Amino acid sequence: MRDTVLIVGAGAMGSSIGCCAAVAGNRVLFYDSDDQARQTVLDRSAQMVADLQRYGLCSPSASSAAVDNLAVASSLPDAAADAFVVIEAIYENLEAKQAVFASLDSLVPTDVPILSNTSGLRISDIAASTAHPERTLTAHFWLPAHLVPLVEIVIGDQSSPALAEQVKELLTGWGKAPVIVKRDLPGQLANRVLQAIIREAVNIVEIGLASPEDVDTAIKMGMALRFPVWGPLEHVDAVGLDLCAAVQDTVLPEISSRQQASPLFHEYIAQNNLGHKTGHGFYDWTTKSMDELVEARNDFIVFALKQIRKEVEA
């Protein structure tokens, strides 16, 4: 009986996706070629389940059942034996993902979807070595995946659109908010929007219009507060297309239209100021706490989720 969600890749994203599937009542099996990853994934995923319970997003009984649903396989053929869906979540390397997909394509029946959590690669390229690319899709979960509802389902050049609808229904049952991306383009959907915001945010700092702190404050305390329930196209319809067109005619010529990363990125990189991992980037992380920022981010996501659930249930 095929009753298992197989997660190939037992790192941060794989363990988080497995948590989502287990909390939704699925048996989850992790596989990773790395011994250390296999040894730590159950504790990591169980901690995420515990976080959901602590946040009030999962009952104690559901949390206990979810942890019981988590298991690890020592070989890919064994792991694939009972899978009704496979989600690949290894590191972002095209050749490595192609090898995983080719193996999975030979191991699981042709009616079993094989999904990739890739954040930037094309599913058409990842599935290039498979005999059945029609059952392949991107299912890009957003970090932290056990909290953020968004999953981008990308239809590849040879993917089945009907399968995309089936996967959307499955993930909706997990409590996610899946969207279907109809073309396999770089950046998928949400990352295209995010990169446009980042491009202009960096440009504002580069031209001396505002400091990094004020740019982030303007976004966090302005548009971002509306986004959970008020998307940009809803905003356009609310204020009127004529007004938005007039604003764009004035503003768009003045904002960045670069096709490459800002020179400011390369200046910082040359100085080994790579962000939190080196201690400095746009901010001084020797005095600013990433742990506190992540905690605040997660607390706000949970608050927003609870408010959204109230609206849905009302």
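How many salt bridges does a search of the whole structure find? I ran the search and it returned 8. I counted a salt bridge as a side-chain nitrogen of Lys or Arg within 4 Å of a carboxyl oxygen of Asp or Glu.

Ground rules. I am working on a predicted model, where local features need pLDDT of at least 70 and side-chain atom pairs count only at pLDDT 80 or more, while totals for chains, interfaces and linings use all residues. Residues are numbered from 1 along each chain as its sequence is written, and side-chain values use heavy atoms, with hydrogens and water left out.

Entry: Arg38. I looked up its partner and found Asp35, with 2.3 Å between the closest N and O atoms. Both residues sit in helix H2 (residues 35-54), and because they are 3 residues apart there, about one helical turn separates them. I take helices (H or I, at least four residues) and strands (E, at least two) as DSSP runs, numbered from the N terminus. Asp35 has a relative accessible area of 45%, which I log as partly exposed. My classes are buried for under 20% relative accessible area, exposed for over 50%, and partly exposed in between (1.4 Å probe, protein chains only).

Entry: Arg122. I found a salt bridge to Asp125, the closest N and O atoms being 3.0 Å apart. I also found one to Asp157, at 3.0 Å from N to O. The Arg122 and Asp157 pair links distant parts of the chain, 35 residues apart. Arg122 is in the loop between strand E5 (114-116) and helix H6 (123-126), and Asp157 is in the loop between strand E7 (150-155) and helix H7 (161-173). For accessibility I noted 24% for Arg122, partly exposed, 30% for Asp125, also partly exposed, and 58% for Asp157, exposed.

Entry: a network. I noted that salt bridges link Glu88, Glu92 and Lys97 in a network.

Entry: backbone. Which peptide bond did I log as cis? The bond from Leu143 to Pro144 is cis, with omega near -10°. Pro144 lies in the loop between strand E6 (136-141) and E7.

I then looked up positive phi in residues other than glycine. Gln188 has phi near 55° and lies in the loop between strand E8 (177-181) and helix H8 (190-206). Is Gln188 buried or exposed? Gln188 is buried, at a relative accessible area of 6%. Asn272 has phi near 60° and lies in the loop between helix H13 (263-270) and helix H14 (290-313). Asn272 is partly exposed, at 47% relative accessibility.
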